[in-house]
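Morning, everyone. I'll keep this brief. Please bring the structure up on the screen.

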Amino acid sequence: MTAGEITDPADAAPGGTATGGAATSGAATSGAANAGTATAGPAPAGRQDTAAPEIANAPARAGWQPGPRQQGLLALLIYLAVFVVGYGLPVVRHMRVPQVAQESVDPNFYIWSWRWWPYAIAHGLNPLYTNQIGAPAGYNLSWATTAPAVALALAPVTALFGPIVSFNLSILVAAPLSGWAAFVAARRLTGRFWAALLGGAVYGFSSYEAGHSVAGQANLIVNMLPPLMVYLALLWRDGKLGRVAFTGLLAIAMALEFYVFLEAFTQMTVLWLAALAIGFVVARRETRRVVARLAGLAGIAYVIALVLASPYLIYALRHYPASGLTRYSPKYSFDIVDLVIPRSSRLPFLASLAHYARSAVGFSSAGYIGVGLLLVVLLAAATSWSSRLTRLLIALYLLILVIAVGPRLIINNTVLFTLPWSALWQLPIVHSAEPLRFVLVGFLVLAMILAVWLARPARGRMGLAARWLLGLLSVALILGNLPTFADVITQPVRVGPSAVRHTSAVPQFLSAGLYRRYLRPGETVVVVSNRQNAGLLFQADADFYMRIAGGFINESLSSATGLPPAVENLRNGTLQHQEQFRAYVRQAHVGAIIVERAWSAPWMRMFARMGLPAVTAGGVIIYKTS
């Protein structure tokens with residue numbers, strides 16, 4: 001992003017006023033006082049400024065002040081404390097229990113993925129194809145969101161504590177780490193700790209980030225790379241990174257984004273293109289050369305990133321699913337009223353709005369920013385439109401909103417009309433993308449808007465106090481709207497005066513290794529449970545001891561429940577479905593049906609009526625099919 005390159009005399013603040021908290025020692029040097037100086041290119045390597053030229057720097061203060069590293073560590077600790085204590089304690093208390101959103105298919109898919117990538121590499125297997133699930137044919141994983149970069153980063157934790165602990169850790173730290181990355185970028189842009197802290201909270205604790213965290217959708221919450229790319233661009237602007245170092249680090253960050261989530265890589269591409277184009281338009285004539293140089297270096301980094309991603313990308317294009325991927329659906333577009341309508345009723349004065357939101361079918365909260373932050377954007381536009389940085393950020397946010405709306409305008413869950421650019425969503429590269437997910441990069445832009453607005457000098461103490469009160473209110477409205485993990489975990493069942501039993505805990509059949517007594521290594525089994533994607537959970541916990549028939553990997557390539565259709569149809573219980581089931585068992589060489597007792601009483605009755613021999617062990621019933 002070219003934010004730091006867009007400056008002019010109109011952007012300059014009255015020198016010497018501290019507005020957002022402690023500036024760093026580097027920001028308080030005498031050379032940093034020229035707030036209104038126009039920058040025509042990267043600063044000399046020795047320059048110590050840490051604030052954007054248009055943000056006035058605080059005067060030097062006596063005594064020790066925390067530097068950038070200490071401030072970054074403090075911000076991370078604050079974000080961790082807020083998220084873990086405020087929202088994640090139920091997960092922390094039972095890290096070895098797969099309790100998050102077990103009624104949906106996604107969490108156990110990522111528990112499986114965190115185990116699969118280290119396992120496949122260690123055993124010399126192709127990690128983009130597996131016959132361990134989806135037996136007998138197996139699954140092509142190149143179009144599934146396995147997030148290999150995250151799985152491999154967590155491999156040491158997985159090896160020591162297992163994939164369940166690894167998964168729970170990932171959903172606890174992803175939001176604080178994303179907030180920290182946005183803080184680092186905002187602090188580099190403004191030189192202000194408190195302004196950057198609130199800005200980072202807007203991104204890290206956004207409704208998008210927190211909502212997907214509690215849903216266990218791990219590929220959608222590892223979002224620290226986009227703000228770190230902004231940080232790299234600012235370091236290059238300030239002369240802290242040379243061309244080679246900047247290009248190399250940016251290429252690595254882009255490649256890692258690809259290996260986290262391909263759709264996020266596409267969002268990143270759009271953000272870079274839009275930011276550079278808008279930055280070039282709003283920049284002064286002499287500064288456009290700098291924007292052009294940044295665009296050139298970013299383009300080189302992008303090409304290198306594609307080369308690094310080519311093994312995966314080439315395989316994926318060669319193995320495009322014959323049935324195609326899921327096409328665009330209006331439910332994945334951004335509803336405009338979602339900007340200000342909350343979903344949570346924890347804030348009493350917003351309870352009526354939250355009730356309205358919950359009553360709207362298909363209403364999403366991923367794009368909620370709240371009235372406070374919307375007012376900040378409007379005030380920033382009204383009071384500092386002369387700032388080229390403000391124009392860049394606001395224009396970029398509006399463009400992101402337009403993209404997030406998708407091909408049709410939706411207001412209050414009603415499709416009003418088709419937009420002129422709807423044909424773009426029919427292109428092969430984007431027809432399966434969800435427009436709503438573009439709001440993520442919108443939150444990053446909002447984080448920068450809030451931080452810059454708070455860092456600007458105010459006229460008088462009353463104006464300064466009003467500005468910070470609005471900033472705090474904006475963050476409070478976001479935090480008050482977030483779901484907690486307690487909303488989506490399976491509650492423990494009390495079995496005595498002080499004892500509880502977790503129905504979501506892995507049964508002893510797995511935890512005690514009993515499966516080795518009843519199953520042969522590599523035997524194909526069907527795992528039946530009202531816990532969604534239980535087969536992938538069982539296989540990951542058993543370190544791929546058995547093969548699984550079925551398993552959910554995405555909407556396009558597997559059944560919605562993760563069960564083979566012939567097994568899923570047994571819910572109807574007709575004689576025809578029973579015959580289809582027996583034929584499938586023979587064709588797929590299924591040796592056993594495993595029913596998790598805590599979750600699946602109806603299934604036990606079904607298999608008993610079919611006369612399958614059964615044995616009970618460690619919280620499951622094993623029905624042998626031979």
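Start with burial. The chain has 626 residues, and 58% of them count as buried. Keep in mind that this is a predicted model.

Now the secondary structure. The chain comes to 22 helices and 11 strands. On to contacts. Take those between residues at least 6 apart in sequence: 77% join residues at least 24 apart.

Next, confidence. The average pLDDT of the chain is 83. At least 70 is the score for 81% of the residues. Residues 1-54 are another matter, with pLDDT below 50. That stretch still has 180 contacts in the model beyond near neighbours in sequence. Residues 56-62 also stay under 50. For them the model has 23 contacts beyond four places in sequence.

Now one helix pair. Packed helices are described by the angle and the distance between their axes. Our pair is H5, residues 163-190, and H6, residues 193-204. How do their axes cross, and at what angle? They come within 7 Å and cross at roughly 140°. The crossing of H5 past H6 is right-handed.

Which residues make the contact? From H5, we have Ala175, Ser178, Gly179, Ala182, Phe183, Ala186 and Arg187. From H6, it's Phe193, Ala196, Leu197, Gly200, Tyr203 and Gly204. By class, that contact has 8 nonpolar, 4 polar and 1 charged residues.

That's my part. Over to you.

Key: Residues are numbered from 1 along each chain as its sequence is written. This is a predicted model: local features need pLDDT of at least 70, side-chain atom pairs count only at pLDDT 80 or more; totals for chains, interfaces and linings use all residues. Side-chain values use heavy atoms; hydrogens and water are left out. Axes are lines fitted to C-alpha atoms, for helices over the stretch in contact, and angles run from 0 to 180 degrees between N-to-C directions. Helices (H or I, at least four residues) and strands (E, at least two) are DSSP runs, numbered from the N terminus. A crossing is left-handed if the near helix is turned anticlockwise from the far one by less than a right angle, and right-handed if clockwise. Contact means heavy atoms within 4.5 Å. Ala, Val, Leu, Ile, Met, Phe, Trp, Tyr, Cys and Pro count as nonpolar, Asp, Glu, Lys and Arg as charged, and the others, Gly among them, as polar. pLDDT is the predictor's confidence in each residue, from 0 to 100. Buried means under 20% relative accessible area, exposed over 50%, partly exposed in between (1.4 Å probe, protein chains only).
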